[in-house]
Amino acid sequence: MEDYEVMVPFQSFQALECHVDAVCPKKKAGETCPTAIHDFEGDQTYSEKPGHDFTLTATFEDLNIPSYDALVIPGGRAPEYLALNEKVIALVKEFMEAGKPVASICHGQQILAAAGVLKGKKCTAYPAVKLNVVLSGATWLEPEPIDRCFTDGNLVTGAAWPGHPEFISQLMTLLVSRSCSSYLSMCWPSICYLDWEKTCVHFICPFSFGTAFIHMLELEPIRRLGMDSPGLHSEIASIPMGQIIETIASCSEAP
């Protein structure tokens, strides 16, 4: 897998006080997997250098997939092999069919194409993957500039690791909207703060030699969203992500 595309989202969610697990088929917690660094140095395609070893924190075979609320598929050179893994394909289909947030970057869209979940979607990918996307029935969105990311329904796509700021922000926006929607449906209109349920993010992270990671990220309850509007349910999707985080951080504990 690509070093940045696994490590940056992994550590970004840790910075938000999320619990993150990394797993790999046929490997156990505590084992490591290699990564590769793909860089853009003026050639026709990316260069490749050895990356860091990435430590697994959970066991693939012990996954409880229904307990997770989102899926992230980083890129690298392995998606062409992972696309042949029936368990990986089944996992992708389960998330997409449930309408849960799915975020895929770079060559990760090869897995989405193999799973047959791109038909009718608008998405981008690393330019070399365009044919996979188009033949899968999706509308190709040009990644210009290379850090451009897109959201279509429950799907977030990006072309390469320079797009991580948009990629992570757009995924978090989907998670906020989904969490608020599901929680507010159970709340009395008079409640003026939001107590989030735990939310989980699930990553598939392919690495360079044909195996895979799957990260599972469990957001600790983000305490309270101090907003009085009973219409928060419908308004949440239009609130800038930074404002939501700032509001949450400034709220005091509810009694």
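This is a predicted model: local features need pLDDT of at least 70, side-chain atom pairs count only at pLDDT 80 or more; totals for chains, interfaces and linings use all residues.

User: How many helices and strands in the protein chain?

Analyst: Eight helices and 13 strands. Those are DSSP runs numbered from the N terminus: helices are H or I with at least four residues, strands are E with at least two.

User: What share of the residues is buried?

Analyst: 51% of the 255 residues. Buried means under 20% relative accessible area, exposed over 50%, partly exposed in between, using a 1.4 Å probe and protein chains only.

User: And of the contacts between residues at least 6 apart, what share joins residues at least 24 apart?

Analyst: 64%. A contact means heavy atoms within 4.5 Å.

User: Which residues have the most contacts inside the largest nonpolar core?

Analyst: Val-92, Leu-112, Leu-118, Val-133 and Phe-167, in a core of 55 residues. Elements giving two or more residues to this core include α1 (3-15), α3 (86-97) and α6 (164-184), along with strands β1, β6 (71-73), β7 (102-105) and β11 (155-158). A nonpolar core here is a set of buried Ala, Val, Leu, Ile, Met, Phe, Trp, Tyr and Cys residues joined through side-chain atoms within 4.5 Å.

User: What does Phe-167 touch?

Analyst: Val-72, Ala-103, Ser-104, Ile-105, Cys-149, Val-156 and Gly-158, not counting residues up to four places away in sequence.

User: New topic. How many cavities of 30 Å³ or more are there?

Analyst: One, from a search of the whole structure. The largest cavity holds about 40 Å³ of space. On a 1 Å grid over the protein atoms alone, a cavity is a set of points where a 1.4 Å probe fits but cannot get out; lining residues have an atom within 4 Å of a point. Points are joined across faces, edges and corners, and the volume is the space filled by probe spheres set on them.

User: What lines the largest cavity?

Analyst: Glu-2, Glu-5, His-38, Phe-40, Tyr-46, Cys-106, Tyr-126, Ala-160 and Trp-161. The lining divides into six nonpolar, one polar and two charged residues. Ala, Val, Leu, Ile, Met, Phe, Trp, Tyr, Cys and Pro count as nonpolar, Asp, Glu, Lys and Arg as charged, the others, Gly among them, as polar.

User: Is Cys-106 buried or exposed?

Analyst: Buried, because its relative accessible area is 4%. Cys-106 lies in the loop between β7 and α4. Its phi is positive, about 65°, although it is not a glycine.

User: Which peptide bond is cis?

Analyst: The one from Glu-144 to Pro-145, with omega near 0°. Pro-145 lies in the loop between β9 (139-140) and β10.

User: Where does Asn-154 sit?

Analyst: In the loop between β10 (149-152) and β11. Asn-154 counts as buried because its relative accessibility is 12%. A polar atom of its side chain lies 2.8 Å from the backbone oxygen of Lys-100. A polar contact is a pair of N or O atoms within 3.5 Å; within protein, one must be able to donate a hydrogen and the other to accept it, and residues adjacent in sequence count only if both atoms are side-chain atoms.

User: Why does Lys-27 count as partly exposed?

Analyst: Because its relative accessibility is 23%. A polar atom of the Lys-27 side chain lies 3.0 Å from the backbone oxygen of Thr-32.

Terms used
Residues are numbered from 1 along each chain as its sequence is written. Side-chain values use heavy atoms; hydrogens and water are left out. On a 1 Å grid over the protein atoms alone, a cavity is a set of points where a 1.4 Å probe fits but cannot get out, and a pocket is an open set with protein on both sides within 12 Å along at least five of seven lines; lining residues have an atom within 4 Å of a point.
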